[in-house]
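My entries follow the structure.

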Amino acid sequence: MFEKAKKLFKRQNETADQAETVEQTPETPLIQDDTVEKPEADVPKRRFFTQLKEGLKKTRTQLSDRLQSLVGGRNIDDAVLEELEELLIGADLGVQTTMTLMDRIREQAKKQRLQDVAALRELLHDELQSILTSIKARPWQLENKPMVVLVTGVNGVGKTTTIGKLAHRFTSEGKKVVLCAADTFRAAATEQLEIWAQRAGVILVKKDDSNDPAAVVFDALNTVKQASADILLIDTAGRLHNNPNLMNELAKIRRITEREIAGAPHHVVLILDAVTGQNGLHQAKQFVEKIGVSDLIVTKLDGTAKGGVAVAIANELQLPIQFVGVGEKMEDLLPFDAEQFVDALLS
Ligand SMILES: Nc1nc2c(ncn2[C@@H]2O[C@H](COP(=O)(O)OP(=O)(O)O)[C@@H](O)[C@H]2O)c(=O)[nH]1
Ligand SMILES: [Mg+2]
């Protein structure tokens, strides 16, 4: 079915395999669970895993449970592998990523003479993890203050919500956070960010009745300097991704931050909504091309059975996922860890 495209992507994979690998490890999550008796360092990790597992429930049912029933009692033959391929497509891993995976799985299954479902699951686990860990990630260096983060993405993907969650996370870690309301396109956008700023107890920079986002960013950069803040999170508009005005506006914001603070923006985050699945990929490519993106945050994993799209997007864009959104509440943002993500997907 995918023979032609397979050859095409094989070459690409070979290049990716040669790339330097840096494993993504999360910074210590802030959520503590005092009820579990475990060594200190394990507690946030365990809590994060439980929350992630819950968030990925729909996808896990689609992938893991069906994998079990697919293979039950059968030998791992070509027919089974074909069905696995369909399963991966069904979990929205995308054609390209599925083909990469299936090439490796077919090869290994033959080499290792795989017999049972447990071994197949383990192989799938390792190959998924290897795709994610081979993507270079630049950690968020909170020591080099101020750290400026420009948050982008189309309307409704969860930019403002994610900024609220990040603000909560960083203040809980004792950081001084400033939010910038640079989505001046919709009147309600500033109000929404204001509510999050209050909830998280952080400073908000806004300009009422302004339609000049770059001017708001300029003010915010000054506030950050004056207040000696640690982090600036810039919320932006997301109207029509292919609208040249939006891209020009983002480029202008980027230029101003570069001019005002050395090394800024330290991260340009693209927010992607897992519910829109593969459709989000085309939009994502526009952002990557036009403004340059350094990190991904995938939201709404709790609302879809197609959470595999997170792996597909990271793989196709070769960009690291830094956080994942698993709900609408302030605590529902988790630092991304490749191993835990794959564990939660397949357990
Ligand atoms: N279930 C779920 N909903 C989310 C998540 N992140 C954001 N949302 C919801 O998505 C909707 C759009 O979010 P918003 O932050 O306004 O998107 P923006 O237009 O990109 O700023 C809101 O109703 C949020 O509550 C998530 O991780 N899970
Ligand atoms: Mg918004």
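I began with the sheet: eight strands form an open one in the order β3-β2-β4-β1-β5-β6-β7-β8, with mixed pairing. Strands are DSSP runs of E of at least two residues, helices runs of H or I of at least four, both numbered from the N terminus; two strands pair if DSSP finds at least two bridges between them. I noted β3 (203-205) and β8 (333-335) at the edges, each with a single partner strand, so one side of each has no neighbour in the sheet.

This is a predicted model, in which local features need pLDDT of at least 70, side-chain atom pairs count only at pLDDT 80 or more, and totals for chains, interfaces and linings use all residues. Residues are numbered from 1 along each chain as its sequence is written, and chains are lettered from A and ligands numbered from 1 in the order in which they are written.

I checked β2 (residues 177-182) next: three bridges join β2 to β3, and the two run parallel. Val178 has Ile203 of β3 as its bridge partner.

Which residues of β6 point one way, and which the other? Asp295, Ile297 and Thr299 point one way, Leu296 and Val298 the other, and all are buried (20 or more other C-beta atoms within 10 Å of a residue's own, C-beta atoms being placed from the backbone). Five of the five β6 residues are buried, so the strand is largely enclosed by the rest of the structure.

I then followed the pairing of β6. β5 and β6 run parallel over five bridges, and Ile271 is partnered by Ile297 of β6. Three bridges join β6 to β7, also parallel; Val298 has Val324 of β7 as its partner.

Methods:
A residue is buried if 20 or more other C-beta atoms lie within 10 Å of its own, exposed if 12 or fewer, and partly exposed in between; C-beta atoms are placed from the backbone.
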